[in-house]
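Have the sequence and the 3D view open as you read.

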Amino acid sequence: MNQLQPDSQVLDPQAEARGWREGFQTGFPTLFGIGAWGMVVGVAMVKSGLTVAQASGMTLVAFAGSAQLASLPLIAAGAPVWVIFLTALVVNLRFVIFSALLGPHFAHLPLWQRFYLGYISGDVSIALFLQRYPTSKPEPGKLAFLKGLMYPNWVAWQIGSLIGIFLGSAVPTEWQLGFAGTLAILCIMVPLIINSAALCGVLVAGVTAVLAHGLPYKLGLLAAVLAGMVTAMVFEETVQKRRVRHG
């Protein structure tokens, strides 16, 4: 009778409140950066040609800054919808890994709730959660902790993005703030180059993007992303096998 129950069945409101509060406190220092990043993406969307209504709908539905930025040049170039969707899918493939890591923690939840949590999830929130709960054993307040990370993160992003959208619509085109999207991607990419595999992937993606620049509908971008991902995975697999071989 004293066995821990899954979060959806926990009846201890104090544990739930404590978990939410701890999640919020853990993620709070990141909220200002998330809001600023959202503002940059909001400005970039408007300066890329989207209307205020289109940009607002995109940020509310997609909630994926890197995918949004990757889609903008394709939208501006009039690329087919399938190319835009495929590009966004490839850019967001990392969330497949995140889902595999979170799955053991919340497999007991209803499907609709897992879909909902997947929508509001973000890179930073998932990383902070896994630092706090490295194992999947049931603990009271675990789901509340995750929500304490994800809800404020989502709100900070949307507020920042909407401010950027309305700010971007008021800023003269001559200011060329569309370049802010490129700078934002660089700010995200550089800290992620944490090992040789990531560096090789970035280099191959960069070379591929230059060589394939002339492809229609900005398909060079999609080719660069795929080439970079495959290179990084192959490099990492090769290094792992070599380590095992040399023990």
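## Reading the helix labels

Helices in this report are DSSP runs of H or I with at least four residues, numbered from the N terminus. Please keep in mind that this is a predicted model.

With those labels in hand, look for Leu93: it sits in the loop between H4 and helix H5, the latter covering 94-106.

Leu93 belongs to a nonpolar surface patch of about 490 Å², together with Trp82, Leu86, Leu89 and Val96. Helix H4 (residues 81-91) provides the largest share of this patch, namely three residues.

How exposed is Leu93 itself? Its relative accessible area is 32%, so it counts as partly exposed, a class that lies between the buried limit of under 20% and the exposed limit of over 50%.

## The second largest pocket

Helix H2 (52-62), helix H3 (65-76) and H4 each supply at least two lining residues.

## A buried glutamine

Now turn to helix H8 (residues 142-170), where you will find Gln158. Gln158 counts as buried because its relative accessibility is 4%, and buried means under 20%.

What does Gln158 touch? Setting aside neighbours within four places in sequence, Gln158 is in contact with Thr59, Leu60, Phe63 and Tyr119.

Methods:
Residues are numbered from 1 along each chain as its sequence is written. This is a predicted model: local features need pLDDT of at least 70, side-chain atom pairs count only at pLDDT 80 or more; totals for chains, interfaces and linings use all residues. Side-chain values use heavy atoms; hydrogens and water are left out. Patches are made of residues with over 30% relative accessible area and no salt bridge: like charges are joined within 9 Å, nonpolar side chains (Val, Leu, Ile, Met, Phe, Trp, Tyr) within 5 Å. Accessible areas come from the Shrake-Rupley method with a 1.4 Å probe; for residues, only the protein chains shown count as cover. A salt bridge is a side-chain nitrogen of Lys or Arg within 4 Å of a carboxyl oxygen of Asp or Glu. Buried means under 20% relative accessible area, exposed over 50%, partly exposed in between (1.4 Å probe, protein chains only). Contact means heavy atoms within 4.5 Å.
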